[in-house]
Amino acid sequence: MARVDIAGVAFVALALLTLGSAAIVAFARSVMHSAAGLLGVLCGVAGFYALLSADFLAAVQLLVYVGGTLVVFLFAVMLTLTSARAASSNEPIATGRRAAGWATIALAFALVTIALDTIWPLGEKLVQLPTTAKLGHALLGPYALPFELLALLLLATTVGALAIARSAVKVGAEP
Amino acid sequence: MKVTLEHYLVVGAILFSLGLYTAITRRNAIGILLGVELVLNAAALNFIAFDHYVAESHGPAGQVFALFIVALAASGAVVALAICLEVVRSHRGLAVDDLARLSR
Amino acid sequence: MRLALHVFALVLVSLASSCARDAGPQLIEVLDLAPHEVEAGDRVEVLGASFPQGKHAKMTFRGTLHRPGEKPESAEIPAEGDATSATQISIDFTEGLQQLFCGVGEGAAHTTFDGELEVSFPAATAGAPAVSTTLHAATLDVRPPTPRRAVLDARRTEGERALAYMGIRPAKTSPPSGGIVVESVEPGSRADKAGIQANDLLTSLDKLRLTSLADAIPAGAQLLATFTLRRGTSPAEITREVHIESYRGSPPADLYGAALLIAIAAAVIIFFMAPTAGALTWVERRVAGRMRSRARANEAGRRRALTWRADGIKMLLEKDVVPSARDSRLFRLAPYLVFIGVSASFVVMPFGQYLIAADLDVGILYVLAVTSLVTVGLLSGGWAADNEYSLTGGIRAAGQIVSCQVPGAIAVACIVMMTGSLRLQEIIHAQGGWPWEWFLFKNPVTFATFCLLFTTALAQVNRAPFELPEAESEAAAGYATGYVGVRYLFFFFAEWANVFVMCGIAAALFMGGWQVPGLSTGAQEAHFGLQLVGALVFLAKAWMLLALVIWIRLTWPRVRVERMMALCWKRFVPMAFAAFALCAGWVVWSPGRTAQTVMGVGMFAVFCVALARFAQRVRYNLHAPQADARLNPFL
């Protein structure tokens, strides 16, 4: 059997998973299906990160994005969706869909052309897999300020979301 | 088949376009947010692909950016969904066409 | 005032002169090392000038070690020797030194060191600083003792494969001066593109001297392999770089090999997970029967031990009913998500020193990450079946898991901080075999951290006292209400396996994993039998924690979900942060070995005393006149 590149096979499988799930997100009728499609996209992208030697980031993507953001999405969907409307809850807009479709295809075409035609300054750098230590040093070193700002932002987000959702709970009068 | 930078960029471009299409053509607010998540993931994928393939002497800059994207996307989604919940509780439904004006 | 100024000036002058004294005159000179290739038992001479004859010198080799197939590693190796004359220092190249260069045991490999050698002699007058100098371009080639035939053959095959990958066919015989002669180069191959020709003599690969085919293994993760070679009769060394982007050190590059590896991993997971989950159900039922002092139920098999097999077979044969689900696709998908999430964490379970499927660099973070798939699976499973019991069960389960992940992750971060790495094997290496060397008894804060991790992990796997989402007397079967047959089996199989994973990880993080008391890791490395003993020890520790889990379930009443979540957010999170800060303080304080041992032994002694008091109490209760209990260790 000819030497097949495992990395290539993995890439194709992950690309199929990611783009297939993205198609589900884009075209599904039910918003729950779209959210499930997002799960596929996030897992596929985590796989891509692992292939691109960003192991820490792959784990963080699964932990934060899937375990956090996606769960919040699912909660929101479940709390705002009634059974009767489930199947058609994510209808696309009535008019302008075709124009939007063509515009998006044109944009995709432009991006792909740019990607393929540009001569990227590829570096023959050593692929060093353990990235956790490097990321740690970077976050406490050159990127310390954005890190602290992000912490502040997350605090603001937590307080803000609690404030909004709390008033919702009080108004809704549910225990 | 050797996987090069262009492969990842093409996947990122298609993901971005699908996300943009979702954000443009959905009526459900949560559906639009899902599209925005796709766009953010495509951008993060691009960052990491460049970090891997292009020589970089400033440390793992691409990965730091992707980490920030993950955190920011999470916080954005949380606030947006809290707002969605509030909107639903005021019995206004989630169709953004009806939400275009703040008062009924 | 003037006196103060004089004193000040005196102090300054003395400081300045002492500084000047520190940069003492270079009395000695180091020129070279000879010979450049050594083995244990050889004598290495450091050549130079003006050495104080008869004095004892301390030397440090500082630089990089290159080994075949491994990334270059920086090292600092001390050595000692005597100056036999004014121009020579003799170093006895002992086995210990050779092990520092080449590694220990079967991993020992032919190593090339390059870097600098610092030589220092104690000064002639007492109290003066040592006289030292450095040789900047020191190279040393160290051969380990001949490893086993199988290891040699394996390395040779790997070297041949690497050369074949690059398109180089080596000649059958190698010249006496070392190196590999290229017999032919495949046209169009990577070596051809790099400019390597037939009849070239390859002398080194990535700074490692090539003495045999076993050395021609590039470190798996680099994009370029740098060969130095000699062409024709000229002694000049030419450098050529070969692209080896998709060459990996050990995993197979072809599809069949990879599929076989995946099949083996899957078989191991299934054949380990299934019996463990089944045995757990049996153990729990027996212990429950004993603790609740009720007669044993009608059970199948000798010693009624095979009920779990009967249950499993019954569920497999049940008719697969898919109720009129709200969302049948998600309904079908959910159990598989949960199963994937749990099985994936078996990849990094450290069963033994080398009995780990993949020692990922992000080990423990990976375990936390894949359990998020379980959360999503439970949530979608709960929603997909069209009844409110499973919906509330799913939402409760997901809410509980997400709330308890935060303090649990911070507790794990405490241990990671104390070790300095996310790798599970390194965390285990940072502990020892004896109980007072475990992280559990290291200091009171880590004990509290263990309790925190254990409690939140119980909540994350939906086990008592936090099993409200799927308890028997609560909302039907919680998120699994709509599920029948195989799908139900998947959910509960995954839940039991999840409990085992949680106990295994806790055993690895806090109880020393596979470390056997009294056996050092070096000794364990040498014999495979001892590694199996380590695996058994790990399983014993995990089962001890499992027994604790079952005991807790049968003793305490359940906690309501919203109270559990309030407990997590309002109490556990601040406690976790406090523990984190205290652990950080411990790491900064960094007590010495004796202080650590004293504290460990102290904590362990306190624990043993508490255990003894508890055993006394149990005995008292057993012998109390109105008690109807018997102690039977055979369940």
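Trainee: Where does C:L611 lie in this predicted model, and what makes it part of a nonpolar patch?

Mentor: C:L611 lies in helix 16 of chain C, and together with C:M291, C:W551, C:F607, C:F614 and C:V618 it forms a nonpolar patch on the surface, with about 510 Å² of accessible area together. Patch members need over 30% relative accessible area and no salt bridge, and nonpolar side chains are joined within 5 Å, so C:L611 is counted in the patch on those terms.

Trainee: Which helix gives the largest share of the nonpolar patch?

Mentor: Helix 16, residues 593-623 of chain C, gives the largest share, with 4 residues.

Trainee: Why is the pair C:E118 and C:R62 called a salt bridge?

Mentor: The closest N and O atoms of C:E118 and C:R62 are 2.8 Å apart, and the limit between a side-chain nitrogen of Arg and a carboxyl oxygen of Glu is 4 Å, so the pair qualifies as a salt bridge. C:E118 lies in strand 7 (residues 111-121) and C:R62 in strand 4 (residues 56-66) of chain C, so the pair ties together parts that are 56 residues apart in sequence. Over all chains, the structure holds 10 salt bridges.

Trainee: How many salt bridges are counted between chain B and chain A, and how many residue pairs are in polar contact there?

Mentor: Between chain B and chain A the count is 0 salt bridges, whereas 5 residue pairs are in polar contact, with both residues at pLDDT 80 or more. Helix 1 (5-25), helix 2 (29-53) and helix 3 (61-89) of chain B each supply at least two residues of the side that touches chain A, and helix 3 gives the most, with 22 residues.

Trainee: What makes up the side of chain B that touches chain A, by class?

Mentor: That side of chain B has 48 nonpolar, 11 polar and 7 charged residues, and the contact as a whole takes 66 residues from chain B and 82 residues from chain A.

Trainee: How much area is buried between chain B and chain A?

Mentor: The buried area is about 6700 Å², of which carbon and sulfur atoms give 78%. B:Y21, B:R26 and B:L34 supply 10% of the area that chain B buries against chain A, more than any other three residues.

Key: Residues numbered from 1 in each chain as written. Chains lettered and ligands numbered in written order. Predicted model: local features only at pLDDT ≥ 70, side-chain atom pairs only at ≥ 80, totals over all residues. Heavy atoms only, no water. Contact = heavy atoms within 4.5 Å. Buried area = accessible area lost by both parts, 1.4 Å probe. Polar contact = N/O pair within 3.5 Å; in protein donor to acceptor, adjacent residues only side chain to side chain. Nonpolar A, V, L, I, M, F, W, Y, C, P; charged D, E, K, R; others polar. Patch = residues over 30% accessible without salt bridge, like charges linked within 9 Å, V, L, I, M, F, W, Y side chains within 5 Å. Areas by Shrake-Rupley, 256 points an atom, 1.4 Å probe, with all protein chains shown as cover.
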